[in-house]
Amino acid sequence: MNAEDRELDPFRVDVLAIDAVNHAMQGELERAEELVDESWRLANDLADVRSRGLATWGDGYVDTFRGNFDTATAKLESALTLFRLDKNLLHVVIGLDTLGVAYFLSGALDRSVECNEEILAITVPADEMMFQAFALGTLGLVSWLRGELDAASDYLTRSLRILDAPMNSAWCIEPLAWIAAAQRDWKHAAVLLGAAAMYWQKVGGRLAGLPGLSAHHDTAAETARKAMGDDAFDKSFRSGFAMSEGEAVACALDKRSSVTTASSAEGPHLTPREQQVAELVAQGLTNRAIAEHLVISLRTAQGHVEHVLTKLGFSSRAQIAAWYVSTAQERDSREVNGSAGRS
């Protein structure tokens, strides 16, 4: 491939648009704008629907991080139209997801709901998890703005059960902390704010470059601190910040009692094979990797993971990981104490 061919590579538009958005999320708006301009130059040279759709999408999403919601939603609507013309379902879903966020932030909540409900109509029948989780999370934020706390909590916990990747966990746990504060569950709010801060540190910035939501964070933190006192709030916040990802998810799902019960000596009995599977899940292996490691079929590995979840009363792999680490620590402690008693 010569230099001219590389310059006209249509997939370079993808890279430029995504890179622009990533820089915008980090607050590097000047660099994001440069990348948007470069994506437009290439899209205009290529002159195809797909490339123009991606350049328009990147342009609109960067406007979202600038807080220019009128231009953002107009550009993102245009991008969605181009994606539909190109008949690229993945791009359509990405376009709907981004547009739903922009409309949510602009206050056009009904249109945001429409976008996210269309995502669910596409992703649920296809068993696609990532964008399904994103849509549920945004619907949770919409419900929060509408003051529908029970609905917001339901959407956010459903999203967290489906996808406990760091960015989604941050976006779910943060508003769950706001809900806890609104319900005067001060300690839980402080712990969740700490857990959310742990995730934001991992992904590179609080609220992923959308400072328009900071007021909700600040209100939750200020009211909880005032109700609890500085020392108690800071202690709870630090305990959340020190959590592992599995512990944070379990806490956000209000499964704290489940983790404690399951980690005790009287907890549910797993077969030796299920113990192996739990250990591999704790190591971060996928079902396919577990199947390869144990030399079993993918379907059998999936079945073992489902059995472990059912027996422990859990709903996510992160909870299995937290449980496994907890039980391993208990076993080590008992072994140390036993050795000391015999000496």
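**View 1. Contacts of aspartate 59 in the predicted model.** Aspartate 59 touches Val36, Trp40 and Lys75, leaving out residues up to four places away in sequence. The model shown here is predicted. Aspartate 59 sits in helix H4, which covers residues 49-66. Is this residue, aspartate 59, buried or exposed? Its relative accessibility is 11%. The cut-off for buried is under 20%, so aspartate 59 counts as buried. One of its contacts is polar: the side chains of aspartate 59 and lysine 75 are joined at 3.0 Å.

View 2. Side chains of opposite charge can pair when their charged atoms come close.

View 3. Searching the whole structure gives 14 salt bridges. Glutamate 33 lies in helix H3 (residues 29-46) and arginine 66 in helix H4, so the bridge ties together parts that are 33 residues apart in sequence. Glutamate 33 is partly exposed, at 24% relative accessible area. Arginine 66 is partly exposed too, at 36%.

View 4. Glutamate 77 and arginine 111 meet through their side chains in a salt bridge, 3.1 Å from N to O. How many residues apart in sequence are the parts that this pair ties together? The answer is 34, because glutamate 77 belongs to helix H5 (residues 69-86) and arginine 111 to helix H7 (residues 109-123). Glutamate 77 is partly exposed, with a relative accessible area of 22%. For arginine 111 the value is 25%, again partly exposed.

**View 5. The salt bridge of arginine 225 and aspartate 230.** The side chains of arginine 225 and aspartate 230 form a salt bridge of 3.3 Å, N to O. Arginine 225 has a relative accessible area of 30% and is partly exposed. Aspartate 230 is partly exposed as well, at 46%.

**View 6. Tyrosine 199 and the nonpolar cores.** Which residues have the most contacts inside the largest nonpolar core? They are Trp57, Phe104, Leu160, Ile173, Leu192, Tyr199 and Ala248, in a core of 75 residues. Tyrosine 199 touches Pro166, Ser169, Ala170, Ile173, Glu245, Ala248 and Val249, with residues up to four places away in sequence left out. A second core is separate and has 17 residues, including Val277, Ala301, Phe314 and Tyr324. In soluble globular proteins, nonpolar side chains tend to be buried together.

**View 7. The buried face of helix H18.** Take the helix length first. The 15 residues of H18 should span 21 Å at 1.5 Å a residue, and the end C-alpha atoms are 21 Å apart, so the two values agree. Buried residues in H18 are Ala301, His304, Val305, Val308, Leu309 and Leu312. Why do these buried residues line one face of the helix? Seen down the axis of H18, they fall within an arc of 135°, so they line one face. Arg299 and Thr310 are exposed on the other side of H18. Just after H18, glycine 313 takes a positive phi of about 75°.

**View 8. Leucine 309 and the residues that follow H18.** Leucine 309 is found in helix H18, residues 298-312. Its relative accessibility is 11%, so leucine 309 counts as buried. Which residues does leucine 309 contact, leaving aside neighbours within four places in sequence? The contacts are Phe314, Ser315, Ser316, Arg317 and Ile320. Phe314 is also among the residues of the second core. The C-alpha atoms of leucine 309 and glutamine 319 are separated by 8.6 Å, and the two residues are 10 residues apart along the chain.

How values were computed:
Residues numbered from 1 in each chain as written. Predicted model: local features only at pLDDT ≥ 70, side-chain atom pairs only at ≥ 80, totals over all residues. Heavy atoms only, no water. Core = buried A, V, L, I, M, F, W, Y, C linked by side-chain atoms within 4.5 Å. Buried < 20%, exposed > 50% of the residue type's maximum accessible area, 1.4 Å probe, protein only. Contact = heavy atoms within 4.5 Å. Helix = DSSP H or I, 4+ residues; strand = E, 2+ residues; numbered from the N terminus. Polar contact = N/O pair within 3.5 Å; in protein donor to acceptor, adjacent residues only side chain to side chain. Salt bridge = Lys/Arg side-chain N within 4 Å of Asp/Glu carboxyl O. Expected span 1.5 Å × (residues − 1). Arc of directions from axis to C-beta.
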